[in-house]
Amino acid sequence: MTFRELHHGDRPLILPNAWDVPSALAFLDAGFPAIGTTSFGVAAGLGRPDGERATARAGLALARALARLPCPVSVDIEDGYADDPGQVAAYAAELVSAGVAGVNIEDSGTEGLVAPAAHAAKVAAIKRRCPGLFVNARVDTYWLGEDATVGATLDRAAAYVAAGADGIFVPGAAEPSVIAALAEGIPVPLNVLAVPGLSAGETARLGVRRVSTGSLPYRAALDAAVGAATAVRDGRAVPAATPYADAQARLVRYAARGGDAAG
């Protein structure tokens, strides 16, 4: 299935967000049909906070590596790394040239929410230059707690859909009644972050078509790493982990096939 078709299956697309090649290979081996990236994980790997436009080059390099995988890849591009829509579209075109299927672009920056018209202009510029790219326009009202109402969120979403957005992402929306109202009012696939206590089936009944893990796997990996090290230090049983040989074999296959990890 194409990346677009994966948003219209029997169940929501569960999109794990990788921060490097090994994490993407692990997700692929676990059977996920598509992989996203997490700007937080990429920024953290550089020792930088998320959302400061510090990940453009690193994100592109990761996209080029992951786009060779035998599955669609969507890239988190923060706010597009520029205010000028033309520059944002040029960056998106580089991702398309690498083989990326989708991007996620947010309507906030270090100063908070941006004007809806400004974000819509970025979406429109990307779609003009890259019409086949799946553009997931992120609405950060609930994420930031600014204008966090269904009405304000739907107004922003409508502007982005009119500009050509293929999907709408509302991170931070967690109440079932809110999610259902958003899904009803948005005519393109609705994407939410994984909500504790809500299964994929329950989110499907609310109208959600895509569930992203965001930075959760990266943050969980940090906790797991500390847990393994402290277990060794404190004389406790060490946790289970992918055998070295298996992790190495994934990378050997990836390198030997020019990045194709299939099989």
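1. A cavity, as the word is used here, is a set of grid points inside the protein where a 1.4 Å probe fits but cannot get out. The model discussed in this note is predicted. A search of the whole structure for cavities of 30 Å³ or more finds one, and the volume of this largest cavity is about 40 Å³. Thr37, Ser39, Val42, Thr55, Gly59, Leu62, Val75, Asp76 and Tyr81 form its lining. Helix H2, helix H3 and strand S4 (73-76) are the elements that each give two or more residues to that lining.

2. Nine strands make up an open sheet with parallel pairing, and their order is S1-S11-S10-S9-S8-S5-S4-S3-S2. Strand S1 (13-15) and strand S2 (17-18) stand at the edges; each has a single partner strand, so one side of each has no neighbour in the sheet.

3. Which strands are joined to S8 by bridges? Strand S5 (residues 102-106) runs parallel to S8 and is joined to it by five bridges. Strand S9 (residues 167-169) is also parallel to S8, with three bridges between them. Arg138 of S8 illustrates both pairings: Glu106 stands opposite Arg138, while in S9 the bridge partner of Arg138 is Phe169.

4. Strand S4 also holds Val73. Two bridges join S4 to strand S3 (residues 35-37), and these two strands run parallel; within this pairing, Ile35 stands opposite Val73. Is Val73 buried or exposed? Its relative accessibility is 1%, and because buried means under 20%, Val73 counts as buried. The C-alpha atoms of Val73 and Ala34 are separated by 5.9 Å, although the two residues are 39 residues apart along the chain. Leaving aside neighbours within four places in sequence, Val73 is in contact with Ile35, Leu66, Ala67, Val100, Ala101 and Gly102.

5. Arg210 is buried yet has no salt bridge. A salt bridge requires a side-chain nitrogen of Lys or Arg within 4 Å of a carboxyl oxygen of Asp or Glu, whereas the nearest side chain of opposite charge to Arg210, that of Asp76, is 8.8 Å away. Asp76 is also one of the residues that line the largest cavity. Beyond its neighbours within four places in sequence, Arg210 has contacts that include Phe3, His7, Ser74 and Leu190.

6. Two loop residues call for a check of the backbone. Arg53 has a positive phi of about 60° although it is not a glycine. Arg53 is placed in the loop between helix H2 (39-45) and helix H3 (56-66), and with a relative accessible area of 34% it is partly exposed. Asp147, likewise a residue other than glycine, has a positive phi near 50°. Asp147 is found in the loop between helix H6 (141-144) and helix H7 (150-162).

Technical notes: Residues are numbered from 1 along each chain as its sequence is written. This is a predicted model: local features need pLDDT of at least 70, side-chain atom pairs count only at pLDDT 80 or more; totals for chains, interfaces and linings use all residues. Side-chain values use heavy atoms; hydrogens and water are left out. Helices (H or I, at least four residues) and strands (E, at least two) are DSSP runs, numbered from the N terminus. Buried means under 20% relative accessible area, exposed over 50%, partly exposed in between (1.4 Å probe, protein chains only). Two strands pair if DSSP finds at least two bridges between them. Lys and Arg count as positive and Asp and Glu as negative; His and the chain ends are not counted. Contact means heavy atoms within 4.5 Å. On a 1 Å grid over the protein atoms alone, a cavity is a set of points where a 1.4 Å probe fits but cannot get out, and a pocket is an open set with protein on both sides within 12 Å along at least five of seven lines; lining residues have an atom within 4 Å of a point. Grid points are joined across faces, edges and corners, and a volume is the space filled by probe spheres set on the points.
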